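Subject: A structure for you to look at

Hello,

Here is the structure I promised to pass on. Please open it first and have a look around, then read on for what turned up in it.

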Amino acid sequence: MSRRMCGSAEAAEPRLRRRRSRFLARLLLAAVIPVLLAAFPSSSTASHIYKIGFIASITGPGASLGEPERDVARLLQDQLTSARGVVGPDRVRHAVEILIFDDQSRADTAASLARRLINEEKVVLLVAGTLSGPSLAMVPIATEGRTPMISMASARAIIEDPQTKRARPWIFKPVPENLHSAQKQAEYLKAIGATSVCHLYENTAYGQDTFASAGAIFPAAGITIVYGDAFDRTATEFPQVARVRASGCRAVVIGSIPPAASVINVAVRERAAQVRIVHGHGACSPDLIKTAGAAAERTVMPCGKILVADQLPAGDPVKTLNLKFISDFRRFTGGREISTFAGHAFDSLQWALIALRNLPDGLSLERQRDAAREALETKVKRWAGTHGFYTLSPEDHLGWKAEEFAFVTVQGGKFLILPRDQWK
């Protein structure tokens, strides 16, 4: 009995050591595998490809804005392809396809494209609308299709119902508004003592919004619009300028985009040289200077920081981001100059990618769109974009403040930051 017990103990010892070794091995694997999975997300691409519908005004009157936006979409598609898409919260990787379309600066074309992308192409979300008019035409379609839409246009009505003043639940935009522009313009006009001004605006949704915004902001700053009038975006003759001279206003605020902004800029400079010219942020493009030439000199306007990124203080948080993006953009386009509108496309697409990175694998398309919308409202917090910082919420689908604008002037054929202490 004693020998059997002794013999059993001797035989059990190696088995115990083997069991301990296997236990420690399993323990080690349990600790290491999650670390490896986190460090190296699934290399297999999921069968479902995320699609982003991208609609810009690549041709037509808005082409000077839409072309750089298209180039940014192509650049980011190239980068997404190299990175093999995006990785979701569950570490599943999805390829991303950006479907790029031209609305020809037409509202009806934009609406038709939006329907196609939502219903036939099954996009998760839209980055759509260079101009306010086409963007507004797509708003009811995206809303009815319960598809998030990120506009690259300016008008407040794109994201907020003018009647209820409530945020449109499916529509977002990272683009400064004409109300923001009007605030900065009012600060400048007040600083130079211009209390009576004229306002000329193109007869489009964007132009009308600039006039309405000035009317909402200027009176509180003690500024009266003594003469306001619209002009056609394709006009070459401007009888309005004679009325500007007759009004005696000290400054003319122009609500337009290039090339129309440039053409009327030249007309005002030639026939009413004594008045100051103040543009809105829709003119923040190298095309303003190319087309207006010397007439653009000494004009002023509020612009996104991307336009003057190299002049920002070293400590500005968005300077590094902008300089990296500008370098990538120029290399990809063969040296094309940056514009504020390229920044609009970059910010809009980055928001779309934030939404996609927050989608768990396996959701239906309907649930993907729901989750993308929710991610935009909850994940974009103190987010650094090309124009400054953004914080979105269910009540605010822009989340940006006028203080983030850079106020600039044109000098020597370039946009230069005009510090407040030099407003005179």
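A word on classes before we start: Ala, Val, Leu, Ile, Met, Phe, Trp, Tyr, Cys and Pro count as nonpolar, Asp, Glu, Lys and Arg as charged, and the others, Gly among them, as polar. Please also keep in mind that this is a predicted model.

With those classes in hand, take the second largest cavity, whose lining has four nonpolar, eight polar and no charged residues. The volume of this second largest cavity is about 70 Å³. Its lining is made by Asn178, Ser181, Ala182, Gln185, His199, Tyr206, Thr210, Ser213, Val253, Ile254, Gly255 and Gly280. Which elements each supply at least two residues of that lining? They are helix H5 (178-191), helix H6 (205-217) and strand E10 (251-255). H5 gives the most, with four residues.

In total, the structure holds two cavities of 30 Å³ or more. The largest cavity has a volume of about 110 Å³. It is lined by 14 residues, and the closest to its centre are Leu65, Thr130, Ser154, Tyr206 and Phe341. By class, this lining has eight nonpolar, six polar and no charged residues.

The largest pocket has a volume of about 360 Å³. Of its 17 lining residues, Leu307, Arg330, Glu337, Ile338 and Phe415 are the closest to the centre. Helix H9 (286-292), helix H10 (319-333) and strand E16 (414-417) are the elements that give two or more residues to the lining. How many charged residues does the lining of this pocket have? There are five, along with ten nonpolar and two polar ones.

Finally, a pair of helices. Two packed helices are described by the angle between their axes and the distance between the axes. For helix H3 (residues 107-119) and helix H4 (residues 132-144), the axes come within 8 Å and cross at roughly 35 degrees, and the crossing is right-handed. On the H3 side, the contact is made by Ala107, Ala110, Ala111, Ala114, Arg115 and Ile118; H4 brings Gly133, Pro134, Ala137, Met138, Ile141 and Ala142. By class, this contact has ten nonpolar, one polar and one charged residues.

Enjoy exploring!

Best wishes

Methods. Residues numbered from 1 in each chain as written. Predicted model: local features only at pLDDT ≥ 70, side-chain atom pairs only at ≥ 80, totals over all residues. Heavy atoms only, no water. Axes fitted to C-alpha atoms, helices over the stretch in contact; angles between N-to-C directions. Left-handed = near helix turned anticlockwise from the far one by under 90°. Contact = heavy atoms within 4.5 Å. 1 Å grid on protein atoms, 1.4 Å probe; cavity = no way out; pocket = protein on both sides within 12 Å on 5 of 7 lines; lining within 4 Å. Points joined across faces, edges and corners; volume = space filled by probe spheres on them.
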